[in-house]
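Below are a few points to read with the structure open beside you.

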Amino acid sequence: MAPASVLKLGQKLNEGKTKQIFELVDEPGHVLVQSKDQITAGNAVRKDQMEGKAAIANRTTSCVFKLLQEAGIKTAFVRQQSETAFVAAHCEMIPIEWVCRRVATGSFLKRNPGVKEGYRFSPLKMEMFFKDDANNDPQWSEEQLLETKFSLAGLNIGRCEVDIMNRSTVAIFEVLERAWATQNCTLVDMKIEFGVNVRTKEIVLADVIDNDSWRLWPAGDRSQQKDKQVYRDLKEVTPEAMQMVKKNFEWVSERVKLLLEPKACGRVVVLMGSTSDLAHCEKIRKACGSYGIHCVLRVTSAHKGPDETLRIKAEYEGDGVPTVFVAVAGRSNGLGPVMSGNTAYPVINCPPITPDWGAQDIWSSLRMPSGLGCSTVFSPDAAAQFAAQIFGLSDHLVWSKLRASMLNTWLSLKQADKKLQACSL
């Protein structure tokens with residue numbers, strides 16, 4: 001990575017407690033986010049230098065944004081530029097902290113007496129706070145946000161935009177929660193911020209997500225907490241105490257890299273009765289690729305060569321790789337039922353429907369003998385999605401792509417509705 005000094009910096013656009021933001025002269029529409037070796041608590045009532053924090057925070061936030069972007073969630077992050085800085089899309093920040101909670105702790109308990117620490121929110125508890133240091137970032141309602149009528153980078157923040165941020169916060173939390181669970185770590189709560197991309201006018205996740213942004217409890221045990229709360233709880237700031245805080249931050253920055261690694265590898269094996277079905281099968285393979293799932297195409301006929309079909313089945317059962325079989329057979333589908341009756345692995349029927357006998361042929365995929373458990377879908381995309389949902393039970397990266405896809409489908413509908421309403425007025 002090139003050092004930040006290689007970039008030609010323009011004016012300083014903003015400076016916060018833990019970072020500086022500079023315009024990039026040679027990259028219009030982009031900025032440099034430079035972290036600082038400063039740690040604060042209580043709106044900087046407590047403030048200390050922590051050598052190496054800038055690098056730790058930058059490493060953490062870069063990994064988190066990479067994870068979210070690979071899932072398919074839009075962020076301002078562009079690339080990690082140096083040990084202590086990253087490049088992002090230039091955004092006008094919406095001055096709201098969105099807080100998502102899975103477990104009741106901290107300030108929530110003070111504002112809601114009677115709720116015991118550890119109470120689990122299902123669904124997630126959403127709160128928002130207006131960024132106003134002078135008034136200790138007061139909690140706001142949706143109504144207050146709507147009535148303020150913010151306009152940033154040419155985008156008016158109304159009902160549609162508030163709903164987008166609300167729904168996106170939940171999805172982002174759930175993706176990170178699932179990822180941290182692979183490290184036996186509970187994501188207790190998290191705060192994030194959104195901005196409006198000055199070029200695209202889109203709302204995107206912006207700012208940073210690092211160890212200042214969340215509470216993390218290994219094994220769900222608060223006494224093992226690894227986040228900034230350790231610093232907040234210090235009765236006295238000593239060199240020894242700061243070394244403990246730094247050690248926790250380093251622990252998180254090392255573990256967060258592991259979140260980008262799949263926990264299990266799997267594959268989809270598509271069995272087609274004839275190469276005449278190849279185009280149908282290629283669509284399944286392409287859709288599998290969008291989830292990061294390896295897909296193999298094979299040709300075999302359960303009617304004309306059952307021994308070869310079972311040999312191919314045994315080949316993929318014998319190497320220990322988790323496998324989902326997809327049977328693609330027109331006319332009379334023998335592949336799906338034969339496979340389902342002879343393997344404990346999941347089998348999905350995805351028959352190519354033809355306009356002549358299709359209505360009759362589908363019954364060979366839908367009406368199975370007793371003891372067989374293969375499902376049937378007609379769309380190649382749906383077959384790949386079903387396989388991804390199976391792998392997503394054990395692979396958080398596949399699951400995160402499915403979760404982001406759900407979010408993006410909802411966002412496109414929301415934005416289409418807003419556009420239609422605007423045309424109707």
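1. Let's begin with the open sheet, whose five strands have the order 1-2-3-7-6 and pair in antiparallel fashion. Strand 1 (9–15) and strand 6 (77–80) are the edge strands, each pairing on one side only. From one strand to the next, the twist averages 30°. Do bear in mind throughout that this is a predicted model.

2. For Q80, the bridge partner in strand 7 is F86. Helix 1 (residues 53–71) packs on the sheet, where it touches strand 3 (30–35), strand 6 and strand 7. The direction of helix 1 makes about 130° with that of strand 6. F86 also belongs to a cluster, linked by ring pairs to F65 and F77.

3. The aromatic pairs deserve a look: the structure holds ten. F108 and F121 form an edge-to-face pair, because their ring planes are at 80°, with the centres 5.1 Å apart. Since F108 lies in helix 2 (residues 107–111) and F121 in strand 10 (residues 120–130), this pair ties together parts that are 13 residues apart in sequence. F108 is buried at 5% relative accessibility, and F121 is buried at 6%.

4. W180 and W214 also make an edge-to-face pair, at 5.7 Å centre to centre and 85° between the planes. W180 sits in helix 4 (residues 159–181) and W214 in strand 16 (residues 214–218), so parts 34 residues apart in sequence are tied together. Both W180 and W214 are buried.

5. Finally, please check two charges over rings. The charged end of R46 sits over the Y231 ring, 5.5 Å from its centre; that of K226 sits over the W251 ring, 5.3 Å from its centre.

Conventions. Residues are numbered from 1 along each chain as its sequence is written. This is a predicted model: local features need pLDDT of at least 70, side-chain atom pairs count only at pLDDT 80 or more; totals for chains, interfaces and linings use all residues. Side-chain values use heavy atoms; hydrogens and water are left out. Two strands pair if DSSP finds at least two bridges between them. Helices (H or I, at least four residues) and strands (E, at least two) are DSSP runs, numbered from the N terminus. Axes are lines fitted to C-alpha atoms, for helices over the stretch in contact, and angles run from 0 to 180 degrees between N-to-C directions. Contact means heavy atoms within 4.5 Å. Rings of Phe, Tyr and Trp (its six-membered ring) pair if their centres lie within 6.5 Å; planes under 30 degrees apart count as stacked, over 60 as edge-to-face and the rest as tilted. Buried means under 20% relative accessible area, exposed over 50%, partly exposed in between (1.4 Å probe, protein chains only). A charge sits over a ring if NZ of Lys or CZ of Arg is within 6 Å of the ring centre and within 35 degrees of the ring normal.
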